[in-house]
Amino acid sequence: MNWAALGEETIELLRRYLMIDTTNPPGNEIAGARFLAEVLSRDGIESETIEAAPGRASLRARLAGDGSLGGIVLHHHIDVVYADRRYWTVDPFGGAIAGGYLYGRGAIDMKSTGILHLAAMLAIKRARVPLKRELVFLATADEEAGSEFGAEFIATRRRDWLAGAEYAISELGVIQTHSGLTAPLAAIVISEKTGLPLTVTARSEPGHGSMPWPDTAPNRLVRALTRLLDAERPVRVLPEVQEFFTRMADLLPGTQGAGYDDLARSLQDGAFRARFFENRQYGAMVQTTFAVTMLRGSEKSNVIPPEASAQIDCRMLAGDDPEEIAGWVRRVVADPNVQVEIAREPKIPNLSPPDTELYKAMADTLRRRAPGAVVAPMILVAFTDNWVFRRCGLHGYGFSPFVLEDAELQRIHGNDERISLENIREGVRAYTEMLVEVAGN
Ligand SMILES: [Zn+2]
């Protein structure tokens, strides 16, 4: 394959894709889907587009395999989050290239990965690579706002789009380099934490603000929340999380990784625990978390309301049981006038094994892309569409052959999001070679 030409073509495709504004809300993913369909059709690849609601489009295309092995779904979300132009130095939808970087909302999260999928499909089709695994290109709507009009819609209404597939690959595994590590750390996402929204409601009689008493509804709520936040939810170190930190310990200079080889034991030590939890992400990887996010009381400052409530954004790790968590919160709150309810049907966390054929091929690819890199399985503390596809019976992974510094990762959902041209050129080659290796005959 002519990698140099493919690299330049991929840059141009991404530049054009980034210029399509698919900010969610409203999404308007149909504009992105039309672009993808047109690019695919120029190479004779048919695609199908569905709309879950007007403008909320998802698209699917495929390169057929010989049916001997299960297919691979390459999925990305067309939508992006809001970009506040006041804080950008370039137009977030202008397709600017400067200093070796391509700028735009979605440059990392995740139009870039989508375009690698697209370019790899084109390259494999042009080279007439015989496939033992079908390759499915899937672009979804609405991932940034809960997936109802995208992955969830496909899972419930167009399950046939996933027929015969064994694997799903999407975003957010990356090769991270930062000054604190002696070599790059390459993560492959195998699971995501999922939300268990809780509503805590306190009740009492209403009254006048001039004559308060100790057990008003807001007072009860404040005390209940204080007890919840002060309670120590036990840590739970999943084997995969332990492996992540064992690998990371090898990359930390001096004694910085001390204790990482047996986290369950080390976290019993107060000083170690305090240091470990300073990193919010690490803390969230070993614990069910409770974030108080919305509070509601009276409509007027001089009226004591009969009801006060809080929304808790609770996030579960694989193996967590929603009823057990709700029961634990009720015990900790310990007030019969305070009700704890699960607000929405919970998404039960799921996890894919880090030892499948695809996982191994992705790990090899990452080591080739960044020589010396250590590959580790990772549990993402945020949500992706992979959860939906795992629930449909596929092994779902987050993988990307991009080498990124910490500072670049901060630009995700932030300002001046960008990707280096080198990452696009080398990334499309790495991705295509990986697919040929795993799916080719
Ligand atoms: Zn994303």
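This is a short chat about a predicted model of one chain.

Student: How many helices and strands are in the chain?

Tutor: The chain has 14 helices and 19 strands, taken as DSSP runs numbered from the N terminus (helices: H or I, at least four residues; strands: E, at least two).

Student: What box do the C-alpha atoms fill?

Tutor: Roughly 80 × 55 × 45 Å, along the principal axes.

Student: Let's switch to Arg369. Where does Arg369 lie?

Tutor: Arg369 is in helix α11, residues 357–369.

Student: Is Arg369 buried or exposed?

Tutor: Arg369 counts as buried because it has 23 C-beta neighbours inside 10 Å. A residue is buried if 20 or more other C-beta atoms, placed from the backbone, lie within 10 Å of its own, exposed if 12 or fewer, and partly exposed in between.

Student: And how much of the chain counts as buried?

Tutor: 45% of the 441 residues.

Student: Back to Arg369: which residues does it touch?

Tutor: Leaving out residues up to four places away in sequence, Arg369 touches Ile175, Pro401, Val403, Glu426 and Ala430. Contact here needs C-beta atoms, placed from the backbone, within 7 Å.

Student: How far apart are the C-alpha atoms of Arg369 and Glu426?

Tutor: They are separated by 7.7 Å, though the two residues are 57 residues apart along the chain.

Note on methods:
Residues numbered from 1 in each chain as written. Predicted model: local features only at pLDDT ≥ 70, side-chain atom pairs only at ≥ 80, totals over all residues. Contact = placed C-beta atoms within 7 Å.
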